[in-house]
Amino acid sequence: MKHRKAAHGKTQATVLAGEHVGGTLEVPGDKSISHRVAILSALASGNSKIIGYLQCEDCVNTLRGLEQFGAESIIDEEGDLVISGTGGRFHEAHEGLDLGNSGTGIRLLAGIAAGLPFGTKLFGDDSLSKRPMRRVCDPLEKMGATVTWHGEPGFPPMSIRGGDLQGIDYTLPVASAQVKSCLLLATLFAEGMTTLHEPRATRDHTERLMRVLQIPVEVENLTVRCPGYGDDFPELEPQEWYVPGDFSSAAFWMVAVAATEGRTAVLQNVGLNGRRTALLNVLRRMGADVEVEQVSDPADVEPYGDVKIKGAALKGTTVKGREIPNLIDELPLVAVLGALAEGETTIADARELRVKESDRIATMVRNLKHLSVDVEEREDGMVVRGPANLTPCGVIDSHGDHRIAMAMAILALYCSEPVTIRGIACTETSYPGFWYDLHHMGAQVEF
Ligand code: S3P
């Protein structure tokens, strides 16, 4: 594949100019949905087909984990992923599950591991080994699982031994779709009802996709209820799933054009789940012209459509509270927009950013400063004062975090001098082909 070659094995990229950035693009499949449909397909009885499965490192690690649990997968002659499910009868994963960089992979598979009557070791790379796991392990222990920490307590590597789970009534201490999804997956193996209370609404892909399998998940405001099957794991019918484009990947191209009049981007077949698209409102508030055309059937499990953005002179805004979970992965891009907009842009209530693939508050603040942006770090976010006179004055480094590498490449499109970004291989974790698409959208990039 041409786009894989573009950045494969490269350690740094220099973005030379982005004056003529814009165009039409269909981004790769949604990462969150890809993780979930793979797991649900592995739980089903028979062969499920997944059209548009995102073959990024994170999702492939989840797939390898499911294979270790006994699910099989192939790419069929149409290029789609086919998973042959286990009907919920997973094997012991003797080598343990290496989830690489994937927080979603480790937390969702922790939910499965908790349902199984044997121990499963879960681990990953250095970044994953620093990510908090008590948020999933504490409630899993309340359900009846046993967790053993192999290194620092609270962090991977860890082993989870399950079986004989009971449903729980539990208030999530953090707004996290990963935690909610982990507990919903564990619930399938539990006796009785699980009731989860979210502090704020988070992405609801798991609930939507489970309902397709006739799992009776009910949602009422911030409460999610699901009955467990205990020892009577049902025959879940295999499906043909369609994974729309990833809104979080499309967001890079929205921001690439948003701050310059005359730039336009059209992102086709992008996921429009309302719990993911808060960035569109932020862009509108800041002054960009955003049009959305839903092309999927309104009854579709995951809505998708085309998003057209026209750039404009932007003004600062505040992003906080309820909006945060619905643009959590786009916050580095909000910081980029802040550097380009007139006035102050404030990100607040976003402490969660400190425990993502990197401390995204610290890494963005450092990188913005290295492009001479006026930015103030706050415990739960930052304040950016723009528009910046972007001038490289330090090393831009991804700190191994895919979204930091890509957000900084987008900011580089607005800089009149070449900007070099170090540590770019990490973009493979969520967006294989990013550097090719950057080129496709009109940027000049050298490796
Ligand atoms: C994800 C949920 C979010 C997000 C992550 C993917 C998911 O994490 O940041 O990239 O697929 O459930 P939290 O739910 O922990 O905030």
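A salt bridge here is a side-chain nitrogen of Lys or Arg within 4 Å of a carboxyl oxygen of Asp or Glu. The model you are looking at is predicted, and local features need pLDDT of at least 70, side-chain atom pairs count only at pLDDT 80 or more, and totals for chains, interfaces and linings use all residues. Residues are numbered from 1 along each chain as its sequence is written, and side-chain values use heavy atoms, with hydrogens and water left out.

Now step back to the whole chain. The protein chain is divided into domain 1 (12-29 + 244-446) and domain 2 (31-242), with bounds that come from an automatic or database domain assignment. Taken over C-alpha atoms, the centres of domain 1 and domain 2 lie 29 Å apart.

How do the two parts meet? In domain 1, 28 residues are in contact with 28 residues of domain 2, where contact means heavy atoms within 4.5 Å. The size of an interface is often given as the accessible area lost when the parts come together. Domain 1 and domain 2 bury about 2500 Å² between them, 50% of it on carbon and sulfur atoms; this buried area is the accessible area (1.4 Å probe) that two parts lose on being put together, summed over both. On the domain 1 side, Arg275, Val301 and Thr429 lose the most area to domain 2, together 24% of what that side buries.

Three salt bridges are found across this interface of domain 1 and domain 2.

Back to glutamate 357, which you can find in the loop between β19 (343-347) and α11 (360-369). Helices (H or I, at least four residues) and strands (E, at least two) are DSSP runs, numbered from the N terminus. Glutamate 357 has a relative accessible area of 11%, so this residue counts as buried; buried means under 20% relative accessible area, exposed over 50%, partly exposed in between (1.4 Å probe, protein chains only). Not counting residues up to four places away in sequence, glutamate 357 touches Asn101, Ser127, Arg131, Asp401 and His402.

For a last stop, visit alanine 177 in helix α6 (residues 177-187). Alanine 177 counts as buried because its relative accessibility is 9%. Leaving aside neighbours within four places in sequence, alanine 177 is in contact with Arg36, Thr202 and Arg203.
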